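Let's look at a structure together and ask how we know what we say about it.

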Amino acid sequence: MGLSALGHAPLFGKLGLLICALPLFMAIWNVFRPSDHRLALMRPLSLAAIFAAVTNLLLGLVNGLHASAMSRQPGSAGMPPAGVLLAEALIPSFVGFAFLTVAWLAVAIAMRKA
């Protein structure tokens, strides 16, 4: 399983990951060219990333539960068990929050330099 599940993510899930990556790019840019304006943008970008990560989690849960309900017997006809489907639903949110963690570490580095 692992991060290979990201390749099977729906378009909205991939868009959510892109939104989660925006604060990381802004923070890295702020490390090299610190400015108060870029630092001020980190809060709304982080908030958008948090909402995107939670939305990705809920989207994955809905898709997993729907797929589980559509199969007549759990685990039959190639359908993975519900636990696997729900575990895959957590991966995009995990990656999104990992991006935020690194982004705020970069902000701390940028503030230290300034």
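Q: What covers the buried residues of α1?
A: In this predicted model, the cover over the buried residues of α1 includes α2 and α3. The buried residues in α1 are Gly13, Gly16, Leu17, Cys20, Ala21, Pro23, Leu24, Met26, Ala27, Asn30 and Val31.

Q: Why is Gly13 called buried?
A: Start with the place: Gly13 is found in helix α1. Its relative accessibility is 5%, and buried means under 20%. The value of 5% is below that cut-off, so Gly13 counts as buried.

Q: Which residues is Gly13 in contact with, leaving aside its neighbours within four places in sequence?
A: They are Asn56 and Leu59. There is also a distance to look at: Gly13 and Ser93 are 80 residues apart along the chain, and their C-alpha atoms are separated by 9.4 Å.

Q: Why is Pro10 called partly exposed?
A: Pro10 sits in the segment before α1. Its relative accessibility is 39%. Buried would need a value under 20% and exposed one over 50%, so with 39% Pro10 counts as partly exposed.

Q: How do you know what Pro10 touches beyond its neighbours within four places in sequence?
A: Contact means heavy atoms within 4.5 Å, and with those neighbours left aside Pro10 is in contact with Leu59 and Asn63.

Q: What makes Asn63 partly exposed?
A: Asn63 is found in helix α2. Its relative accessibility is 38%. From Asn63 to Leu85 it is 8.3 Å in space, C-alpha to C-alpha, and the two are 22 residues apart in sequence.

Q: Why is Leu57 partly exposed?
A: Leu57 also has its place in helix α2. Its relative accessible area is 23%. Buried means under 20%, so a value of 23% leaves Leu57 partly exposed.

Q: Which residues is Leu57 in contact with, apart from its neighbours within four places in sequence?
A: Leu57 is in contact with Ala89, Leu90 and Ser93. As for Leu86, its C-alpha atom is separated from that of Leu57 by 9.3 Å, and the two are 29 residues apart along the chain.

Q: Why are α2 and α3 called roughly antiparallel?
A: Helix α2 covers residues 36-70 and helix α3 residues 82-113. Their axes come within 7 Å and cross at roughly 170 degrees. Angles over 145 degrees count as roughly antiparallel, and therefore α2 and α3 are roughly antiparallel to each other. By class, their contact has 22 nonpolar, 6 polar and no charged residues.

Q: How do you know that the length of α3 agrees with its number of residues?
A: Helix α3 has 32 residues, which should span 46 Å at 1.5 Å a residue. The C-alpha atoms at its ends are 48 Å apart, so the two values agree.

Q: What is the expected reach of α1, and how does the model compare?
A: Helix α1, residues 11-32, has 22 residues. It reaches 32 Å from its first C-alpha to its last, close to the 32 Å expected at 1.5 Å a residue.

Q: Which residues of α3 are buried, and what covers them?
A: The buried ones are Leu85, Ala89, Ile91, Pro92, Ser93, Val95, Gly96, Leu100, Ala103, Ala106, Val107 and Ala110. What covers them includes α1 and α2.

Q: How many helices and strands are in the protein chain?
A: There are 3 helices and 0 strands. From the N terminus on, the order is α-α-α.

Q: What share of the protein chain is buried?
A: Of the 114 residues, 32% are buried. The chain exposes about 7,300 Å², and carbon and sulfur atoms supply 74% of that area.

Definitions and conventions. Residues numbered from 1 in each chain as written. Predicted model: local features only at pLDDT ≥ 70, side-chain atom pairs only at ≥ 80, totals over all residues. Heavy atoms only, no water. Helix = DSSP H or I, 4+ residues; strand = E, 2+ residues; numbered from the N terminus. Buried < 20%, exposed > 50% of the residue type's maximum accessible area, 1.4 Å probe, protein only. Areas by Shrake-Rupley, 256 points an atom, 1.4 Å probe, with all protein chains shown as cover. Axes fitted to C-alpha atoms, helices over the stretch in contact; angles between N-to-C directions. Parallel < 35°, antiparallel > 145°, perpendicular 65-115°, else oblique. Nonpolar A, V, L, I, M, F, W, Y, C, P; charged D, E, K, R; others polar. Expected span 1.5 Å × (residues − 1).
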